[in-house]
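Please report on this protein model. Begin with one local site, then widen the view to the chain.

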Amino acid sequence: PGGTAFIDGCGDCVGGTTGEVACVDECAGVPGGTAFIDGCGDCVGGTTGEVACVDDCAGVPGGTAFIDGCGDCVGGTTGEVACVNDCAGVPGGTAFIDACGDCVGGTTGEVACVNDCAGVPGGTAFIDGCGDCVGGTTGEVACVQDCNGEFGGTAFIDGCGDCVGGSTGLTPCPVTCNNDLVLEFDTDANGGQISWEILPTGSSTPVCSGGNLPSNAQGVLQNCCLPDGCYRLVVMDSGGDGIVGGGYLLRTLGTDLRIIDNRDNGDFGSVSAIANGEGFCLPLGSDGLIYTSCDKYWWKSGEYIVADPNASVSAVWVNGGANNVQSSTTGYEFWFFNPNGGYTFRKFRSHNISDGFANIGPNRTAHLKINNWAAANHIPENVLMNVRVRSRVLGVNNEWGPACRFVRDQAMALCPPTKLMDIPGNTNITCGQFRKFQTNQYAYARPIGGATQYQWRFRLPAENVEIIRTSSNYILQLGWAASVANPLEPGKTYDVDVRAFKNGAWCIDPLDPDSVWGDVCLLTIQTTPAQSGGQNSTLADANGFTMWPNPNSGNELRVNIASIPDEVHAVVIDIYDMFGKRVSAREIPVQNGRLDSVLDLTGDMASGVYLVNILIGDKVRTERLVIQR
């Protein structure tokens, strides 16, 4: 009694003899509450519902400093800026976007591109061994070391295999150059980017080279004379896009035998060369394909490509003998290759293997079945190939013969183009021939299996004349009535092309997909009997016309016309091959009313039959010329 103990705000008895201390109000005014003043001076906890502030990474209560992606305390009172991700996504990384727009450096492992010598970021131009900036956008070709190790030098390997000329001070040995070659280009808009070289097999030093050709030009000729031996051709384009819309042809001079035919096939990128370092050997052999197998662009697997039979191969054949008695080392080797590189494959066809072809005697061996070998080596479709042939007799190879072009096109083979019959020796040959416009005269086309209709187009382009006739087969009777169609005029040579209709469509020309007409041939309509019209359109023998020698060796052709009208001051002489291509064009002045001229044919024409058109004023005479080299 009379004690000092009391009930505090928390309802407890405290003070006095209890030894307890009275509770006090916390910052929220709650007696004995748990609210308190935090480091930021705010009343938190207890009944306030507030959370106490914490120190940031800089030790500042409630501060805004934080740990960035690099693990550093930044922001707030630190005065530091947070690191950012580089282009590779690494916080604070050192990778960056270079001038070429690529993320390089840092963790990428990539090196920043630099300006090439032409000032192009990441460009491919470089300083060559001669100290010039070449390649890339410069359009210049790098100089190369000559055989003496001098960049841009003129030393070369002579026919004896020695490095001569240039800085060597040595003179080439007197080796006879007996193989004149021509490399013929059709260039694109960047002819200056084209270069070429011919190198002996196994050597990196060219024996012939050239470049910096004119742009948008056809028939650009580059000459090279080589001794007998083996070589490879490399054609280069510093622009990296090949010869757009163009190509090239390597052939012999004069005889025009093709070695590599890459015309209209210039999409080769930077380099065009036969794969595996393969090339060609000189002199060429005489083996080749028969006429109908050469330059065919619509082959299909399972067809037979046929070599021209070689008498030495045929002589080894055992007449009536079974396969097991025939020679396994005698026959023909066929070589298919892409001039631009990639595919190259050789297949030997021997006497002792039938290859699925009937036993017709030694000529069986000349037939090779397309793609009748391992699938890994099948000829790809729709790729321009060259094909060459060489004979082999008892294990001894002859030289490879000239090249033909070859395309495997399964779809085109179902409906191929046609043309006037042009196969040498065929009794119905019409291409490049003469016919009279009368009912007992006929024009023949190459027949297409399954075709139900043929159309024939006769044109005189200079006169804007076009006559189209239709027949149910590959034979067209001439001499139709004027009420049916315009007649063909005597004394005139027509451009004639043919097309075939099969399975509801006209067969198209694979070389000209926009056209459904085949190759053009020339057909000359002979003059009609006197007084029947047209007799004044030709140059008559009364003019004293002579042309000799005929047959001709391909060197000189003499043309003599004894009487030429006074008003004519020049005679035009055009020579066409059997396919209608003009191979020679000359305009010769008339002197004193006559012409006596010698035409140099060297290098113009290979062996074969040609048409010679002689134009005097408005009169023309057409003669056949046989070249036998």
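## The S350 site

In this predicted model, the side chains of S350 and N352 make a polar contact of 2.6 Å. A polar contact is a pair of N or O atoms within 3.5 Å; within protein, one must be able to donate a hydrogen and the other to accept it, and residues adjacent in sequence count only if both atoms are side-chain atoms. S350 belongs to strand β25, which covers residues 344-350. Strands are DSSP runs of E with at least two residues, helices are runs of H or I with at least four, and numbering starts from the N terminus.

S350 is buried, at 7% relative accessible area. Buried means under 20%, exposed means over 50%, and partly exposed lies in between (1.4 Å probe, protein chains only). With neighbours within four places in sequence set aside, S350 contacts S327, S328, T330, G331 and T365. A contact here means heavy atoms within 4.5 Å.

## How the model was read

Residues are numbered from 1 along each chain as its sequence is written, and side-chain values use heavy atoms, with hydrogens and water left out. The model is predicted: local features need pLDDT of at least 70, side-chain atom pairs count only at pLDDT 80 or more, and totals for chains, interfaces and linings use all residues.

## The Q455 site

Q455 sits in strand β32, residues 453-460. Its relative accessibility is 13%, so Q455 counts as buried. The Q455 side chain has a polar contact with the side chain of R499 at 2.6 Å. Another polar contact, of 3.3 Å, links the side chains of Q455 and T470.

Which residues does Q455 touch, not counting residues up to four places away in sequence? They are I468, R469, T470, D497, V498, R499, W506 and W517.

## Cis peptide bonds and positive phi

Most residues other than glycine have a negative phi, and most peptide bonds are trans. Several places in this chain depart from that pattern. L282 and P283 are joined by a cis peptide bond, with omega about 0 degrees. P283 lies in the loop between β21 (280-282) and β22 (296-299). W548 and P549 are also joined by a cis peptide bond, with omega about -10 degrees. P549 lies in the loop between β38 (545-548) and β39 (556-561).

Two residues other than glycine have positive phi values: N276 near 65 degrees, and D355 near 55 degrees. N276 is in the loop between β20 (271-272) and β21. D355 is in the loop between β25 and β26 (367-369). Are these residues buried or exposed? N276 is exposed, at 68% relative accessibility. D355 is buried, with a relative accessible area of 11%.

## Pairs across the sequence

G139 is in the loop between β10 (133-134) and β11 (156-157). G139 is partly exposed, at 21% relative accessible area. G192 is 53 residues away along the chain, yet the C-alpha atoms of G139 and G192 are separated by 7.0 Å. Leaving out neighbours within four places in sequence, G139 contacts G192, Q193 and S238.

V583 is in strand β41, residues 582-589. V583 counts as partly exposed, at 25% relative accessibility. V583 and L601 are 18 residues apart along the chain, and their C-alpha atoms are separated by 9.9 Å.

## The whole chain

The protein chain holds two helices and 44 strands. Its radius of gyration is 44 Å, well over the 25 Å that the globule rule gives for 629 residues, so the chain is more spread out than a compact globule. The radius is taken over C-alpha atoms, and the rule is 2.2 Å times the number of residues to the power 0.38. Along its principal axes, the C-alpha trace spans about 170 × 75 × 75 Å.

Buried residues make up 40% of the 629 residues. Of the contacts with a separation of 6 or more, 54% join residues 24 or more positions apart. The accessible surface comes to about 30,300 Å², and carbon and sulfur atoms hold 50% of that surface. Accessible areas come from the Shrake-Rupley method with a 1.4 Å probe; for residues, only the protein chains shown count as cover.

The chain has 35 positive and 69 negative charges, and their mean positions are 28 Å apart. Lys and Arg count as positive, Asp and Glu as negative; His and the chain ends are not counted. Each charge is placed at NZ of Lys, CZ of Arg, CG of Asp or CD of Glu.
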